[in-house]
Amino acid sequence: QVQLVESGGALVQAGGFLRLSCAASGRTFSNYRMGWFRQAPGKEREFVAAISGSGGRSYYGDSVKGRFTISRGNAKNTVYLQMNSLKPEDTAIYYCAAGTGSYSEGYYYTRAAPYDYWGQGTQVTVSS
């Protein structure tokens, strides 16, 4: 079992920045693919970013490319999401997810179904 706890969500003005963190329990953090997803009111859950266990491979949703950066600190069992140039449309609850297994296909990183564990989410609100 892996428990995930997100933090760092806040109210920020458009153009601002935030860094989200997701702390994971367990001793084999580097074995997990990690992803960030978000869900805005009335919308489906959307892929934001993902990173491989070693940190050598990362993926981004089209709407955040060039603005968001995912990274991980395996020694700290933590994955981060640096969000710059925030826009009102980035407003959502952001969820951290962990998936077992190492895969090269992007599907295992960019789709919600292949992830095994989810955090409770952290609210990000961007005002215009």
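The following dialogue considers how terms are applied to a predicted model.

Mentor: This is a predicted model, in which local features need pLDDT of at least 70 and side-chain atom pairs count only at pLDDT 80 or more, while totals for chains, interfaces and linings use all residues. Residues are numbered from 1 along each chain as its sequence is written, and side-chain values use heavy atoms, with hydrogens and water left out.

Trainee: Why is S21 called buried?

Mentor: Buried means under 20% relative accessible area, exposed over 50%, and partly exposed in between, with a 1.4 Å probe and protein chains only. S21 has 16% relative accessibility, and therefore it counts as buried.

Trainee: Which residues does S21 touch?

Mentor: Leaving aside residues up to four places away in sequence, S21 touches V5, E6, S7, W36, T78, V79 and Y80; contact means heavy atoms within 4.5 Å. S21 itself is placed in strand β3, residues 18-24. A strand is a DSSP run (E, at least two residues), numbered from the N terminus.

Trainee: What makes R38 and E46 a salt bridge?

Mentor: The term requires a side-chain nitrogen of Lys or Arg within 4 Å of a carboxyl oxygen of Asp or Glu. The closest N and O atoms of E46 and R38 are 2.8 Å apart, so the pair meets the definition.

Trainee: Are these two residues buried, partly exposed or exposed?

Mentor: E46 counts as partly exposed because its relative accessibility is 30%, whereas R38, at 5%, counts as buried.

Trainee: Which salt bridge joins R38 and D90, and where do the two residues lie?

Mentor: Their side chains meet at 2.9 Å, N to O. The pair links distant parts of the chain, 52 residues apart: R38 is in strand β4 (residues 32-39), and D90 is in the loop between β8 (78-83) and β9 (92-100). D90 has 0% relative accessibility and so counts as buried.

Trainee: How many salt bridges does the whole structure hold, and which residues form a network?

Mentor: A search of the whole structure finds four salt bridges. R38, E46, R67 and D90 are linked in a network of them. Another salt bridge is formed by D62 and K65, whose closest N and O atoms are 3.3 Å apart; both D62 and K65 are exposed.

Key: Helix = DSSP H or I, 4+ residues; strand = E, 2+ residues; numbered from the N terminus.
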